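Take a look at the sequence and the fold below.

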Amino acid sequence: MTEYAAGQVDIAVVGAGHAGIEAALAAARLGLRTAIFTINLDAVGNMPCNPAIGGTGKGQLVRELDALGGEMAQAADACCIQYRLLNRGKGPAVWSLRAQADRRRYQAYMKQALERQENLLLRQGEVTALRLRDGAVSQIVLETGAVFDVKAVILATGTYLAGRTLVGECIRDSGPDGMHAAVSLGECLRQMGLPLRRFKTGTPPRISARSVDFERMELQPGDNHPLPFSFSTEKAPENQAVCHLTWTTEETKRIILENLDRSPLYGGVIEGVGPRYCPSFETKVVRFPDKQRHQLFIEPMGLDTDELYVQGLSTSMPEDIQIQMLRSIPGLERAELMRPAYAIEYDCLDPLALLPTLELKTIPGLYGAGQFNGSSGYEEAAVQGFVAGVNAARKLLGQEPFILSRSQSYIGTLIDDLVTKGTNEPYRMMTSRSEYRLVLRQDNADERLTKIGCELGLVPPERLEAVEEKYRAVAAEIRRLEHTGAPPSPALRDFLTGRGTSDVPDGCRLADLLRRPQLHYADLAPFDPARPDLPPEVAEQVEIWVKYEGYIRRQLQQVEDFEKMERRCLPADTDYAAITGLRLEAREKLAAIRPLDLGQASRISGVSPADITALMIWLERQPET
Ligand SMILES: Cc1cc2nc3c(=O)[nH]c(=O)nc-3n(C[C@H](O)[C@H](O)[C@H](O)COP(=O)(O)OP(=O)(O)OC[C@H]3O[C@@H](n4cnc5c(N)ncnc54)[C@H](O)[C@@H]3O)c2cc1C
């Protein structure tokens, strides 16, 4: 292949999926000349799996990214067609927004966002090689022979790297949705000695809406009052579509069990490790033999298409078996297959090779983001892309690295889990992964992170002012409720007893009433004549704080204790072999991962509390720096 000099950029982003998009936009918005490459421009921002944004733990990531100045939340509010707040029946620590997206509109939105971004070149072209100079990245090469000089590269290759798709016996080198796989780059990265491993994920079939009997299913409408993802979205989103609920049957199970010998997964053909929390249907049948039926959501792929997504029926069984499975399900007896389900195996990096900035420890200027780092999910990818893009830019601008802690955010928790603990399967975010989920709620991401987004230069000061104004109003209203009495009255007595809670014959503070589980902020309006007219998002914060104050204060204390540990920095060149009291396993793990601080050290698997004590004693003896 004849090569030619195609130009110079500061940052090259390989991949225009959910990670690459956020990385490129962040870097270009920080003033760096950036180029983003994708194998196919028509697949920018593609959703190869469920056409949805958010979900448990994922909704928190989208909101945090929005507060920091990322794009996904605004794209979601512009392109989603059905909204639900999950876990509403539980406490606010696990409330998570999830919205059905119009897949084509989402792609078009994101492609336009890239096309219109200053300092950014959007380019179709497969990157086949990286080149180093003095151990740092210096060039990328496209399959066409184009050579770009670069100062940093962000790898966000998703499920394309040495991708292989499997539909029963039909196995071929491929990326998702029939796109071609990135084989050459995979080989180049292996030769460079990157620690790559093989992961796998899968997707369910798509069927035609005209072939579905919706009468035989349960309707799943959106919420009455949908909430937007973005804190800057003023107009409340509207539900424009519905989902449906159905169940697999004994017959579906029998079809799987009778044809398990044709399953690439149970035939040992698939080598990659799949996500535990998103198992294929055949795995569900084998793993839960007593379960009679499994829940399926029939989800629209968009407003201008008849394609439906059968969520919960991810499989790599042969196509003829897939059709039998579908037609054994109530409402799908005459289902017409539009796209077969498939599994995809791909290469990704061992994230223990990364710094918390997502730069590789061994190759300066080379960053990883998204599925390439061993995670799974659009939201997990987007936040890593943002962090990698910001850090690549800040390093070139000679600025401090951008690292969020576990106590500040789910983003910090995700990245710390990946680079400190590693992962042996595609990593999916869940609220249970955070030890601080009561303070890291999806509703207060703006309070926690907008200031940081502003300091980064990615959030305009007016937005920070609006957020600070909002939380001043929250604090003022809480003070007012704490100091305003609700006098006893027959109306109040009847209302309280009507709600199954006791009367207050001597009256009480409004805040004390709100602390009662049976009562909500809106309920108290008739007994609170001086109430100011507050926006719903302020009222929501007031209610959460008043109801959960005790728990939140306790968790904030835990955060304080945690941050004390995080502030005990460990020098990068520490000789762990020389520290007495450390066990051999801990010496090896600490030397390999080189934690930035005592907190990160304490989360490395194989480093015990006794090892941490030995480290603390050693730190005490170190001269002040
Ligand atoms: C079949 C399937 C099922 C999935 N199921 C789930 C699931 O159930 N749950 C879940 O959470 N997630 C699932 N996912 C994962 C989800 O799609 C990804 O997590 C998400 O898309 C990752 O975003 P990303 O930006 O890292 O990569 P992607 O969105 O995959 O984007 C990768 C980008 O890199 C580009 N690219 C790759 N190599 C090169 C190269 N050499 N040169 C130039 N461009 C290149 C591609 O063109 C593309 O633009 C599934 C994915 C697939 C394919």
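Which residue in strand 11 stands opposite I11? It is A152. This is a predicted model: local features need pLDDT of at least 70, side-chain atom pairs count only at pLDDT 80 or more, and totals for chains, interfaces and linings use all residues. Residues are numbered from 1 along each chain as its sequence is written, and side-chain values use heavy atoms, leaving out hydrogens and water.

Strand 2 (residues 11-14) and strand 11 (residues 152-155) pair in the parallel sense over four bridges. Two strands pair if DSSP finds at least two bridges between them. Strands (E, at least two residues) and helices (H or I, at least four) are DSSP runs, numbered from the N terminus.

Now the helices. Just after helix 9, G398 takes a positive phi of about 70°.

Helix 2 (residues 58-68) and helix 10 (residues 410-421) cross at roughly 110°, their axes coming within 9 Å. Axes are lines fitted to C-alpha atoms over the stretch in contact, and angles run from 0 to 180 degrees between N-to-C directions. The two helices are therefore roughly perpendicular (65 to 115 degrees). Contact (heavy atoms within 4.5 Å) is made by Q60, L61, E64, L65 and L68 of helix 2 and Y410, I411 and L414 of helix 10.

Key: Angles under 35 degrees count as roughly parallel, over 145 as roughly antiparallel, 65 to 115 as roughly perpendicular and the rest as oblique.
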